Amino acid sequence: MDDAQRVPVAIPDTLQQLLAGQRVPLGSWVAEPLLPAQALACLPAIQRRLQSVIAGRPGDFPLRLADLVVRYWCGRDTAPLFRNLLALYTSRRQRAQLELVYGQLLMARKRLPAGDHLDNGFALAAHLLEPEEYFQVLKRHELLHRLHLQPAPSAPAGLDTLLTEAQVIRRLAGHVNAVPSPHTRKPDTLG
């Protein structure tokens with residue numbers, strides 16, 4: 001199949017921005033799932049672009065984030081890359097975004113320790129977020145913390161799916177808590 005016959009790869013907007021070397025807002029969700037074939041198709045272009053930029057120059061950090069995201073969706077172990085990036089990038093904003101993005105990637109597969117990375121990223125980003133964005137991220141993280149995370153990855157899920165599942169869990173937990181315990185019931189006066 002030649003290039004003209006290939007179906008274009010649908011890449012989420014935030015990832016497209018990163019691939020173009022553009023910053024994305026700290027409150028953005030960057031971890032929308034990609035099929036492994038989609039992720040693999042992005043890797044050569046990222047590698048070429050990374051070879052042409054110098055570390056610490058504009059455009060470098062977004063490309064490094066894109067590389068982390070794409071490698072994750074290729075099924076590669078990205079923990080060493082994440083740790084290297086944390087050592088390389090020391091600004092509060094960059095470290096916050098690294099933690100948030102890595103936490104999002106783990107959360108998209110309901111993997112431990114996603115919540116820890118989201119919390120670390122939020123703590124670093126809290127003073128950098130605009131008020132509206134702050135409360136949006138806070139609410140999102142509170143909901144996502146309701147999900148049951150495991151060491152082994154589950155099927156990938158986008159943010160909307162994760163939030164819907166978390167809302168269902170919250171509602172069910174509310175109903176369970178609303179059921180009176182046998183110890184608090186009033187005695188039956190008819191019996």
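**Salt bridges and cysteines in the predicted model**

Glu165 is partly exposed, at 28% relative accessibility (buried means under 20% relative accessible area, exposed over 50%, and partly exposed in between, with a 1.4 Å probe and protein chains only). The model is predicted, so local features need pLDDT of at least 70 and side-chain atom pairs count only at pLDDT 80 or more, whereas totals for chains, interfaces and linings use all residues. Residues are numbered from 1 along each chain as its sequence is written, and side-chain values use heavy atoms, with hydrogens and water left out.

Glu165 forms a salt bridge with Lys110, and the closest N and O atoms of the pair are 2.7 Å apart (a salt bridge is a side-chain nitrogen of Lys or Arg within 4 Å of a carboxyl oxygen of Asp or Glu). Because Glu165 belongs to helix 8 (residues 159–178) and Lys110 to the loop between helix 5 (92–108) and helix 6 (114–125), the pair ties together parts that are 55 residues apart in sequence. Helices are DSSP runs of H or I with at least four residues, numbered from the N terminus. Lys110 is buried, with a relative accessible area of 18%.

The structure holds 3 salt bridges. Asp60 is buried, at 0% relative accessibility, while Arg64 is partly exposed, with a relative accessible area of 22%.

The cysteines were examined for disulfides (pairs of cysteine sulfur atoms within 2.5 Å). The structure holds 0 disulfides. For Cys42, the closest cysteine sulfur is that of Cys74, at 8.1 Å, which is too far for a bond. Cys74 is likewise in no disulfide, its nearest cysteine sulfur being that of Cys42. Cys42 counts as buried, at 8% relative accessibility, and Cys74 is buried with a relative accessible area of 18%.

Definitions and conventions. Helix = DSSP H or I, 4+ residues; strand = E, 2+ residues; numbered from the N terminus.
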